[in-house]
Amino acid sequence: MSFIEFKNIEKKYKNAKKKSVTDFNLSIDEGEFIVFVGPSGCGKSTTLRMLAGFEEITNGTITIDGKVVNELPPRDRGIAMVFQNYALYPHMTVENNIAFGLKNINTPKDEIKRKVDWAVDILGLEEYRKRKPKNLSGGQRQRVAVGRAIVRNQKVFLMDEPLSNLDAKLRVGMRNEISKLHRELGSTTIYVTHDQVEAMTMADRIVVMKDGVIQQIGTPMNLYDNPKNKFVAGFIGSPQMNFFEVDVNGNIVKFSDGNKITIPEGIVKKLDGKSGKMYMGVRGEDIKLDNLNLNLYQDNILRSQIEHEEIMGNENNLYFKLGGITAVTRVGKDDLKRVGEDFNFVINTNKIHFFDLETEENITY
């Protein structure tokens, strides 16, 4: 039996025209790190709050460790939660903030000291333990909030966009710290974010949501390599997948600007006889400029001009026109081109995806 089970969960607020969460089904094993990801308003935080007991469930059942928790108050669900705003007490020191929840449940003083010392040590907060939140950086405050959660030794940790208030460097550092802590504690963690990079780098499995509906569940690389639909394909991966409206006839793909490429037999078989207009998806790293790939796919060489460049060092994004849209390729520093420069390129046709024009489902899934 799964450790956490969502069965046909739905949420509809009073006077709302549509459901915030629709038919949500998910089984989570003990010790898993699950990430809910999707754009703002997709229902991910609402689902987390129903699990925590902060939102009533309209329909469906949630079980934790075999026990139905629909009617249980939050304090009885064995859950610790870390919020986006940290929710630290400004008049308390670091160690008192961490200890506060333990004191509320009348934990013996010696046990409180042992747990606080452990959390302070594991989170690298020893030199800050006597400081108050106003004298801490954003990353330090976030670590205090995590410390307050882990000392309660609960069955489940819930994290609702805990890093969204941090700058880019701190986010990377805290991602690593939370992942490391999860491995050390072996806790069951559900993490909510709108940032697909956080999802890809932290999750055992990702739940992609849109408009309150699960679009796909899978490991980071499974979602990346085998997106179920155009939404998942575009949401997972950076830069975003390029989408072209094309006309497919057998093994010939024709772009709206007249360019053509030939696709391999393996992709033709996946299309299973489907032809006509559809979307073709290509990731930036599968558009190649180097001589090795130009020789390998020499029958499919295309030509364009660089419109814009994003120089980041070892990996760089180049923007150009193809099929009537601005496309992007990701290249190494040795394949950099300059704005206005004409260049030849090829598409790794073994890595392309085709999506139905109306349903946007992945035909080659």
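**Close-up views of the cavities, pocket, helices and sheet**

**View 1. Lining of the largest cavity.** Strand β7 (156–160) and helix α5 (168–185) each supply at least two residues of the lining of the largest cavity; helices (H or I, at least four residues) and strands (E, at least two) are DSSP runs numbered from the N terminus. The model is predicted, with local features needing pLDDT of at least 70 and side-chain atom pairs counting only at pLDDT 80 or more, whereas totals for chains, interfaces and linings use all residues. Residues are numbered from 1 along each chain as its sequence is written, and side-chain values use heavy atoms, with hydrogens and water left out. The lining of the largest cavity consists of F33, I150, F157, M159, I178, L181, H182, L185, S187 and T189, and α5 contributes the largest share of this lining, namely four residues. The volume of the largest cavity is about 50 Å³. By class, its lining holds seven nonpolar, three polar and no charged residues (Ala, Val, Leu, Ile, Met, Phe, Trp, Tyr, Cys and Pro count as nonpolar, Asp, Glu, Lys and Arg as charged, and the others, Gly among them, as polar).

**View 2. The second largest cavity.** On a 1 Å grid over the protein atoms alone, a cavity is a set of points where a 1.4 Å probe fits but cannot get out, a pocket is an open set with protein on both sides within 12 Å along at least five of seven lines, and lining residues have an atom within 4 Å of a point. The lining of the second largest cavity divides into five nonpolar, no polar and two charged residues.

**View 3. The largest pocket.** This pocket has a volume of about 500 Å³, a volume being the space filled by probe spheres set on grid points joined across faces, edges and corners. Twenty residues line the largest pocket, and the closest to its centre are I79, A80, M81, F83 and R152. The elements giving two or more residues to this lining are β6 (79–82), α2 (94–104) and α4 (138–150), and β6 gives the most, with four residues. The lining of the largest pocket comprises 15 nonpolar, two polar and three charged residues.

**View 4. Packing of helix α2 against α3 and α4.** The axes of α2 and α3 (residues 109–122) come within 10 Å and cross at roughly 135 degrees, which makes α2 oblique to α3. Helix α2 also packs with α4, at an angle of about 30 degrees and with the axes 7 Å apart, so α2 is roughly parallel to α4. Axes are lines fitted to C-alpha atoms, for helices over the stretch in contact, with angles from 0 to 180 degrees between N-to-C directions; angles under 35 degrees count as roughly parallel, over 145 as roughly antiparallel, 65 to 115 as roughly perpendicular and the rest as oblique.

**View 5. A five-stranded open sheet.** The strand order is β15-β19-β16-β17-β18, with antiparallel pairing (two strands pair if DSSP finds at least two bridges between them). At the edges stand β15 (287–288) and β18 (325–332), each with a single partner strand, so one side of each is left without a neighbour in the sheet. Strand β17 (residues 315–322) pairs with β18 in the antiparallel sense over eight bridges, and K321 stands opposite T326 in β18.
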